[in-house]
Structure formats: structure tokens, C-alpha cells
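Work through the exercises below with the model open. Try each task before reading its solution.

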Amino acid sequence: MRVGLLFPDRDLDLAHPFPFGWEDVEHDLGLGDVYRAMAGEDGYLLEVVRKVLAQGLTSQAATVLHRQEAVREALERPDLVEALYTLAGETLAAKRRESYGLFRRDRPDLYGAIKAMEALLKGLRALLALLQRTPLTSPPFQALKARLEAVLTPAFFRQTEAHLEALRFPKGVWMAAGLSREGRSQGYTLLPPEERRAWWPFGKRPRTYVLTLHPRDEAGARILGEIREKGILEAAKALTTAVEEVDRFFESLRAEAGFLLGAARLAGRLKALGLPLAFPTPAEGLRLAFRGLYDVGLALRQGMAVGNDLEAHGRNPILITGANRGGKTTFLRSLGLAQLFLQAGLFVGAERFESGLVDGLFTHFKREEDRALEAGKFEEELRRLDGLVAHLTPKPLFLFNESFAATSEPEGSELGAQVVRALVEAGVRVVFVTHFYTLAAAFLGDERTLFLKAERLPDGRRTYRLRLEPPEPTAYAQDLLRQVFGEEAG
């Protein structure tokens, strides 16, 4: 069976590895605050959220739209996804508890498999009842319900329970076997109850014999037990395979419902702050436009946010300049988070958002001085960049924040300009925050380049908004003087 809440054609694969540089992406974009809002103290749910966001970088438009429908249902019915997540977890725990020490995949035990399947059947009954009493509106949830109803019929439960009871062998084990040329038994076949009287295929049935073991015949009992195990081995294997299949279904249900539960929790937090949410539009190519885009992580920390508007269709690279503490890094994070949320099928922190899908997200943010570094800070930047470039995907988004600032402006600007040009020519979408005027000015006159500048009022105050404006050759030294010596220094 397939859950199909997050993917139209498969289930979530938690074993899929993280993409290269994912921990840097998490750190640079401040995903920790998002994770805490979605998963709370649930370590399992935290790992699910990380996996889904990371795997979203390979999503196609059909997957994004499919998942958006499921997320919409989750936002309308958070109690439903919480109940699904809890039910799946409790069913898996009951299966482990009921068959503890008995059910082993590598060494099938029939009794353990029976106990495991009984616990899973109870979960299937509860799951079907939950979905049938809930008015579902989204195609992913409706399809899940339809698949379960097609399989989990009353006849299915009756037959399955009858088979499990028969496998307990209340009247003993009846089997057939052949003889090898050496006179050893082989080819054990377990016979169902209805075939016990007609299992002999050669006409008149032969005379039967009864062997009774002495109560102290331990060797005979062991041999008889081994024969019994040979007879029921295939049945144990078949039932174990069925248990594994149902077990995988509940594992997938727990993970996919868990992600939707996290989405509902995050939406609840942002709505409580009065912040806008929008389901984005996935597109192809160099498409990028939004209204009211804000940094979700910062909003969760501070309880407020400042939004930005932009239309940048067909523009690459995007270069961002302006005064320090003007919102440049916050904007960069808001853009990276929105791209991740879009591709994961989530809502974004904005009034409207449209972007072309990418197949990778890379970040190269400046790092604080680390005394443990064996090389200098600038060399560390170059090594990190070299590793990222070696793992570039065909159409990624690359976010730079004050890269190459550890060296002089002429050297850093020259290197930065060459890097940006090479990446753009290779089809990489680049957004670069820099305080090097020379670097940004190297792209003046290029019609493909979009320039943004952090807004600064005449009195030095920051609005934390970005506007379309070319770079200026100033570092706003007076602002620094005001911070150090007060207003009279201006």
C-alpha cells in the first residue's frame, strides 16, 4: 500500500541522503527556528522535517502542486494530521510491544509474526474509521482513503483474522513431505485444514501410524520440533513479508503525516503573529517575483517582520549593496527560505511569491573568526567555495553573503566578479550581498544584472527594505561615527 500524501507516485524515503552542504544551508538560513516551530521537542519529527525540506530541491512542479493540496488540508484540519501522526506512532509501538523478542525479519518466527500482524490490523481498522468519518477535500487525502477502502473491506478483515487463527494450529500442524534418495525427508509443505483429508494423491489412503514420545525424550522432542519448524517456515516467511509491508506503510504514514503536522504548527505560529502566508507559484527558468516577502525565522524570533517587494523575471545575477544593518542578510535568508518552502510544497512568508524551480541550493556566507582554522580566513573561504562548486547541480540557486570580505577590496572584488560571471554563464542563479562597491560596479551596464540596495533614510535610519538602485561608492562612515560618538558627530 502507498500513502501518497507528499508525493503523487511514491512515499517519502527517509533513507535518502542530505545534499552536499546541507548543514551550511541550515545554519546560514537560520532553519533552526523553523525546525523548532514545526517539530518542537520531537526528535523524530525534526529529522522528518529536515529530510523533506532537503528532498524538495529535487521536486518537479507536479509534486509541488500535489503537496500544496495536502498542506492546505492540513491547515484546515490540523486535528486530523495530528491524529494520523499519533495513530501511526501508536500502532508501530504496539506492534513492537506485542511481538517483542518474537518478531525478527532475519529469522522468521510464526507466533511473533502473528502478534505483529494483529497489532497492525488493529491500526488499519482505526485508520480507515478515522478517514471515513472525516470530510476530506484534497485529492491526496481522498486518494489515500479510496485506496484503503478498496483493500480494507469487511471481507478482508474476516479472511485475514481467519488465516491468523488457522496459523495458530489449534488442532496441530498437518504437513506433507517427500523423501530424498538417501531416505531423508525433504520438500515440506504445510497443508491447510480443508486439504488434510485429501492430501494423499494416489487413490486409497495408506495406513496411518501414531508416534508417541516419552515425556523424557528430549532428543525426540527436539527432532520433532525441528520438523515442525521446517513445515511452517514458508508460512512464517510469507506472513513476515506481509508484516513488513504493512509496517512500511505505517512508517510512511507517520513520516508524511508528521511533516503535515509540522506545517500546520508553523502556520499557526505565523498566523498568531498576524503575518501573511501565501502558497507560491512554481515556475520554470529565471522567474522571480514576490510581494511582502519576509524572513520566517526572524519573524519567529522577534514576533514581527518587514516585507520586501520585487519583480526580477529574467534577471541574473542579483547584486545587493547598501549600508550595514540595513536588512541585506535578512533579505537573502528570506529568499532562500522561500525557495526551500516553495519546493517542499509549503506556504511561504509573503503575500505573493513566484519562482523558477531549482535542483540545488548552495550558500556561501562569511564566517566568524575561528582560531581552530589551520589556514587563514580568506583561504578557508576559497576552500569552502571550491567544495561547493565541485558539487553544483545543473540549475541551482547560489546565495553569497559578504563572500571574499576577508581580503582587500581590489582582490576580493576581482575574484568575486569572476566567480559570479562564471556561475551565471554555467546557468546558476546567483544572489550576492556585498559591501565591495568595485565588485558590484563591475556589472554596471549588464542588462541581465539586477541591483538592489538597502534603504537608508537621510538621517541614517534603516527601514530594512530593499529598493531597485545601483551601488554607490560610500561606506556611510558618518553612520558609524554616530553609533560611536552620538548624534553630534554627524
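The model is predicted.

**Exercise 1. The chain as a whole**

Task: State how many helices and strands the chain has, and what percentage of its residues count as buried.

Solution: 
- Start with secondary structure. The chain holds 15 helices and 12 strands.
- Turn to burial. The chain has 490 residues, and 48% of them count as buried.
- Finish with contact range. Take the contacts with a separation of 6 or more: 74% of these join residues 24 or more positions apart.

**Exercise 2. Helices α2 and α3**

Task: Classify the packing of α2 against α3 by angle and handedness, and list the residues that meet.

Solution: 
- Locate the pair. Helix α2 spans residues 31-39 and helix α3 spans residues 43-55.
- Read the geometry. The two axes come within 9 Å and cross at roughly 125°.
- Apply the cut-offs. Roughly perpendicular ends at 115 degrees and roughly antiparallel needs over 145. The pair is therefore oblique.
- The crossing of α2 and α3 is right-handed.
- List the contact. From α2 come Leu 31, Tyr 35, Met 38 and Ala 39; they meet Leu 45, Leu 46, Val 49, Arg 50 and Leu 53 of α3.
- Sort by class. The contact of α2 with α3 has eight nonpolar residues, no polar one and one charged one.

**Exercise 3. Helices α6 and α8**

Solution: 
- Locate the pair. Helix α6 covers residues 110-132, helix α8 residues 154-166.
- Read the geometry. The axes lie 11 Å apart at an angle of about 165°.
- Apply the cut-off. Angles over 145 degrees count as roughly antiparallel, and α6 and α8 are therefore roughly antiparallel to each other.
- The crossing of α6 and α8 is left-handed.
- List the contact. Helix α6 supplies Ile 114, Met 117, Glu 118, Leu 121, Leu 124 and Arg 125; helix α8 supplies Phe 156, Phe 157, Thr 160, Glu 161 and Leu 164.
- Sort by class. The contact of α6 with α8 has seven nonpolar residues, one polar and three charged.
- Check the spacing within a helix. An α-helix has 3.6 residues a turn, so residues three or four places apart point the same way.

**Exercise 4. The nonpolar cores**

Task: Find the largest nonpolar core and the residues with the most contacts inside it.

Solution: 
- Size the core. The largest nonpolar core has 107 residues.
- Phe 259, Leu 260, Leu 266 and Leu 346 have the most contacts inside it.
- Name the top contributor. Helix α9 (residues 218-272) gives the most to this core, with 17 residues.
- Trace one member. Beyond its neighbours within four places in sequence, Leu 260 contacts Leu 5, Leu 6, Ala 70, Val 71, Ala 74, Val 81 and Phe 141.
- Look for another core. A core of 21 residues lies apart from the largest one; among its members are Phe 404, Val 424, Phe 432 and Phe 436.

**Exercise 5. Phe 331**

Task: Is Phe 331 buried or exposed, and which residues does it touch?

Solution: 
- Phe 331 is in helix α11.
- Judge burial. Buried means under 20% relative accessible area. Phe 331 has 3% relative accessibility, so it counts as buried.
- List its partners. Setting aside residues up to four places away in sequence, Phe 331 touches Phe 290, Asn 308, Leu 310, Ile 320, Leu 452 and Leu 466.
- Compare sequence with space. Phe 331 and Leu 466 are 135 residues apart in sequence, and their C-alpha atoms are 8.0 Å apart.

**Exercise 6. Backbone exceptions**

Task: Where do Glu 402, Phe 404 and Pro 317 lie, and what marks the backbone at each?

Solution: 
- Most residues other than glycine have a negative phi, and most peptide bonds are trans.
- Take Glu 402. Its phi is positive, near 55°. Glu 402 sits in the loop between β9 and α13, and it is buried at 8% relative accessible area.
- Take Phe 404. Its phi is positive too, about 65°. Phe 404 lies in the loop between β9 and α13 and counts as buried at 0% relative accessibility.
- Take Pro 317. The peptide bond from Asn 316 to Pro 317 is cis, with omega near 10°. Pro 317 is in the loop between β5 and β6.

Note on methods
Residues numbered from 1 in each chain as written. Predicted model: local features only at pLDDT ≥ 70, side-chain atom pairs only at ≥ 80, totals over all residues. Heavy atoms only, no water. Axes fitted to C-alpha atoms, helices over the stretch in contact; angles between N-to-C directions. Helix = DSSP H or I, 4+ residues; strand = E, 2+ residues; numbered from the N terminus. Parallel < 35°, antiparallel > 145°, perpendicular 65-115°, else oblique. Left-handed = near helix turned anticlockwise from the far one by under 90°. Contact = heavy atoms within 4.5 Å. Nonpolar A, V, L, I, M, F, W, Y, C, P; charged D, E, K, R; others polar. Core = buried A, V, L, I, M, F, W, Y, C linked by side-chain atoms within 4.5 Å. Buried < 20%, exposed > 50% of the residue type's maximum accessible area, 1.4 Å probe, protein only.
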